[in-house]
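Please keep the sequence and the three-dimensional view at hand while reading.

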Amino acid sequence: MGFKITSLWGAPEVNPINRKARSVPFLNPVNMYGRVFFFSWFGFMIAFWAWYTFPPLLTATIKQDLHLSAPEVANSNIVSLVATLAVRAVAGPLCDQYGPRKVFAGTLLIGAIPIGLAPLVTSANGLYASRFFIGILGGSFVPCQVWSTGFFDKNVVGTANAFTGGFGNAGGGITYFIMPAVYDSFVSRGYAPGPAWRLTFIVPLIMVIFCGISLLLLCPDTPDGKWSERVLHAQQNLQAHSVGGGGVVEVPGAITDKASSEGDKSSNTDEKKSHHPDYDHEAVMTQDDMIQTAEGEIIQKPTLKEALPVLASPQTIFHILTYMCSFGGELAINSILASYYVKNFPTLTQTQAANWAAMFGFLNFITRPTGGIVSDLLYNYCGKNLWYKKAWITTCGVLTGAILILIGQLDPHNQSTLFGLVAFMAIFHEAGNGANFALVPHVHPFANGILSGLTGAGGNLGGVIFAIIFRFMDNGTNYAKALWVIGIIHISVNLAVSWIPPLPKGQVGGH
């Protein structure tokens, strides 16, 4: 079970039934699993960058150009999260229906339209409309995580999801670094501030379109191929390994039509798979494990009958509320951080404040992956007991709340103190995001899209709630008070749901 350095580039061992990889080939984009891993994090990083194109320049340049008040800036931060909340909730079932790759590409290409139209904004109302529709890009998180879950097995899925989500969230830091730099370059070439900030949107627009088209052309839906054939392939893989004692193992989903239309091609397909370079190394599994994988972990077509138990599940509520705190807090803080720094340190320029604020987002390169890695280590070395994964989520949430209260009460006016405390808080805040989506793939695995969508939407709901708290603390100017209030919410919510078991009673698969 130990880590091998060659797994960073070598073809991974795969689960013989669902063909999910049991290691992550980080450094091998030629390998199918490495390629999907790359486009999962890179696509979401570009989407997050484009989603947060406004805040780095909103502190001064755009605020002055559009004659905005502080409450109007705060309102736009709230509006930008509302659309993402709705898109994430809808994207989950769409992933289960059509496959996450197509939904991912769709959110990127549709989200590119409002990015291209953003330079036309000339008023507060125009800013609200623009940021609302740009929020579509934030919905790309759900297909990013569902796609990653579909390619990596339970022993490493926490790590894979944490890296794809963490590198993607780092787009929140990239935007604070790149957008002011691009703006400054246009100003240095003689452009007035108004045209200069509008021209900066060209850069994220090109990148979003490029990513959306690339992942459509270069990546598959599932390790076995088409999304519509996933159930058929699971049944074929069971038969290829003589699982079921000559009988038929019940794989949920309608495969009868597919099986009859594709029956003549089955042997040919299996022959091709046996020589596929990505399937060279199959993991050793017991027949019971193979059957459990087929019966409980193949995503089903979303129906009301399947969705209602997921919606009403205490485990779903746990993930929604804890992610509401961790990711919701990150979104809200990311929107105000540069303004908070300018308020406490008036000598900072817009670009300097943005660069320091970028640190919070950039830490996602390390912190969110750490959350997933720790979660997988606890799972693999503690007898696959999912209570340890769940306890790690709660621990991150409580520690984050405590540090937020400390920052809010101290309200430091020393740069080293404030920047240091924010970085310390980010370690647990962002690790909590990775820890959450390290457990999500284990819960209701047959409806991973629905649960991922609801959890992701919960993150945005938290972003809206916390943005409202920032908005109404002394008309959007008392950031310190808002931070300690949000810290109290973090601790209270995480402790309130800590008793919920990690898996529903009697669940098949996901263990």
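Predicted model: local features only at pLDDT ≥ 70, side-chain atom pairs only at ≥ 80, totals over all residues.

The description begins at the start of the chain. F3 has a relative accessibility of 62%, above the 50% limit, and therefore counts as exposed. This residue is placed in the segment before β1 (13-14).

## Nonpolar cores

The largest nonpolar core contains 89 residues, and among those that touch the most other members are W51, F54 and W197. L108, L137, W147 and F152 belong to that group as well. Helix α1 (residues 32-51) gives the most to this core, namely 15 residues.

Which residues is F54 in contact with, leaving aside its neighbours within four places in sequence? They are I62, A118, L127, S130, R131, I134, W197 and F201. A second, separate core is made up of 35 residues, including I336, F360, L418 and M425.

In soluble globular proteins, nonpolar side chains tend to be buried together.

## Salt bridges

How many salt bridges does a search of the whole structure find? The search finds 4. The table lists examples, with the separation of nitrogen and oxygen in each pair.

| Pair | N to O distance |
|---|---|
| R198 and D65 | 3.0 Å |
| D221 and R101 | 2.7 Å |
| K389 and D376 | 3.3 Å |

Consider the salt bridge between the side chains of R198 and D65. R198 lies in helix α10 (residues 193-199) and D65 in helix α3 (residues 61-65), so the pair ties together parts that are 133 residues apart in sequence. R198 counts as buried because its relative accessibility is 18%, under the limit of 20%. D65, with a relative accessible area of 28%, is partly exposed.

The next salt bridge joins D221 and R101. This pair also links distant parts of the chain, 120 residues apart: D221 is in the loop between α11 (202-218) and α12 (230-240), and R101 is in helix α5 (residues 100-117). Both D221 and R101 are buried.

K389 and D376 are both buried.

## A cavity and a buried asparagine

A search of the whole structure finds 4 cavities of 30 Å³ or more. The second largest cavity has a volume of about 70 Å³. It is lined by 14 residues, and the closest to its centre are T322, S326, I393, G397 and G432. At least two lining residues come from each of the helices α17 (314-344), α20 (386-410), α21 (415-439) and α23 (479-496). How do the lining residues divide into nonpolar, polar and charged? There are 5 nonpolar, 9 polar and no charged residues.

N436 lies in helix α21. Its relative accessible area is 0%, which means that N436 is buried. Not counting residues up to four places away in sequence, N436 touches H319, T322, Y323, I393 and T455. Among these, T322 and I393 also belong to the residues closest to the centre of the second largest cavity.

## Residues in loops

P302 is found in the loop between α15 (287-296) and α16 (304-312). With a relative accessible area of 21%, P302 is partly exposed. The C-alpha atoms of P302 and C95 are separated by 9.2 Å, although these residues are 207 apart along the chain. Not counting residues up to four places away in sequence, P302 touches P93, D96, Q97 and I450.

Two histidines have a positive phi value. For H67, phi is near 55°, in a residue other than glycine. H444 likewise is not a glycine, and its phi is about 45°. H67 is placed in the loop between α3 and α4 (70-98), whereas H444 is found in the loop between α21 and α22 (448-472).

Is each of these histidines buried or exposed? H67 is exposed, with a relative accessible area of 70%. H444, at 7% relative accessibility, counts as buried.

Definitions and conventions. Residues numbered from 1 in each chain as written. Heavy atoms only, no water. Core = buried A, V, L, I, M, F, W, Y, C linked by side-chain atoms within 4.5 Å. Buried < 20%, exposed > 50% of the residue type's maximum accessible area, 1.4 Å probe, protein only. Helix = DSSP H or I, 4+ residues; strand = E, 2+ residues; numbered from the N terminus. Contact = heavy atoms within 4.5 Å. 1 Å grid on protein atoms, 1.4 Å probe; cavity = no way out; pocket = protein on both sides within 12 Å on 5 of 7 lines; lining within 4 Å. Points joined across faces, edges and corners; volume = space filled by probe spheres on them. Nonpolar A, V, L, I, M, F, W, Y, C, P; charged D, E, K, R; others polar.
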